[in-house]
Amino acid sequence: MSTPIRIDADVKIDSKVLTDVAEALEPFADAMFKQRAGRWMAVVELSHSERTEPGPEEDKNPSVKVRVTAIEVAADAFTTDRLRSLQRDMYQRRTDAGTLDEIDAA
């Protein structure tokens with residue numbers, strides 16, 4: 001098994017909102033507008049939208065841009081608590097055993 005090449009790439013989030021994503025967020029838009037410090041738990045799918053590889057003379061990191069391609073926002077306290085628990089489990093697994101990619105490869 002070969003060791004993956006480590007690339008220090010900057011990750012950016014594409015601001016383009018796809019129609020399906022906008023439709024999923026629409027029921028929460030009013031609350032999001034009114035609650036300036038609000039937080040919402042969601043299940044999110046990201047897809048690769050752009051890759052930038054600087055030339056050899058440029059003093060920049062490579063970057064990858066990802067776009068939210070699917071999202072489901074927790075609509076109640078029960079779902080929010082379940083997602084927070086899952087997030088904690090994923091964080092613990094990632095930080096205890098390396099990255100999520102290394103766990104998947106095992």
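In the predicted model, Lys34 has a relative accessibility of 60% and counts as exposed. Its salt-bridge partner is Asp30, with the closest N and O atoms 2.9 Å apart. Asp30 is partly exposed, at a relative accessible area of 46%. Both residues belong to helix 2 (residues 29-34); because Lys34 and Asp30 lie 4 residues apart there, about one helical turn separates them.

The structure contains 3 salt bridges. Another of these joins Arg67 and Asp14 through their side chains, at 2.6 Å from N to O. This pair connects distant parts of the chain, 53 residues apart: Arg67 lies in strand 3, and Asp14 in the loop between strand 1 and helix 1. Asp14 is buried, its relative accessible area being 14%. A salt bridge is also formed by Glu53 and Arg51, whose closest N and O atoms are 2.9 Å apart; both Glu53 and Arg51 are exposed.

An open sheet is built from 3 strands in the order 1-3-2, with mixed pairing. Strand 1 (10-13) and strand 2 (42-52) are the edge strands, each pairing on one side only. On average, neighbouring strands of the sheet are turned by 35° against each other, direction ignored. Strand 2 and strand 3 (residues 63-73) run antiparallel and are joined by 10 bridges. Within strand 3, Arg67 stands opposite Ser47.

The largest nonpolar core comprises 5 residues, namely Val21, Ala24, Phe28, Ile71 and Val73. Helix 1 (19-25) and strand 3 each contribute at least two residues to this core. Leaving aside residues up to four places away in sequence, Val21 touches Val68, Thr69, Ala70 and Ile71.

Note on methods:
Residues numbered from 1 in each chain as written. Predicted model: local features only at pLDDT ≥ 70, side-chain atom pairs only at ≥ 80, totals over all residues. Heavy atoms only, no water. Pairing = 2+ DSSP bridges. Axes fitted to C-alpha atoms, helices over the stretch in contact; angles between N-to-C directions. Core = buried A, V, L, I, M, F, W, Y, C linked by side-chain atoms within 4.5 Å. Buried < 20%, exposed > 50% of the residue type's maximum accessible area, 1.4 Å probe, protein only. Contact = heavy atoms within 4.5 Å. Salt bridge = Lys/Arg side-chain N within 4 Å of Asp/Glu carboxyl O.
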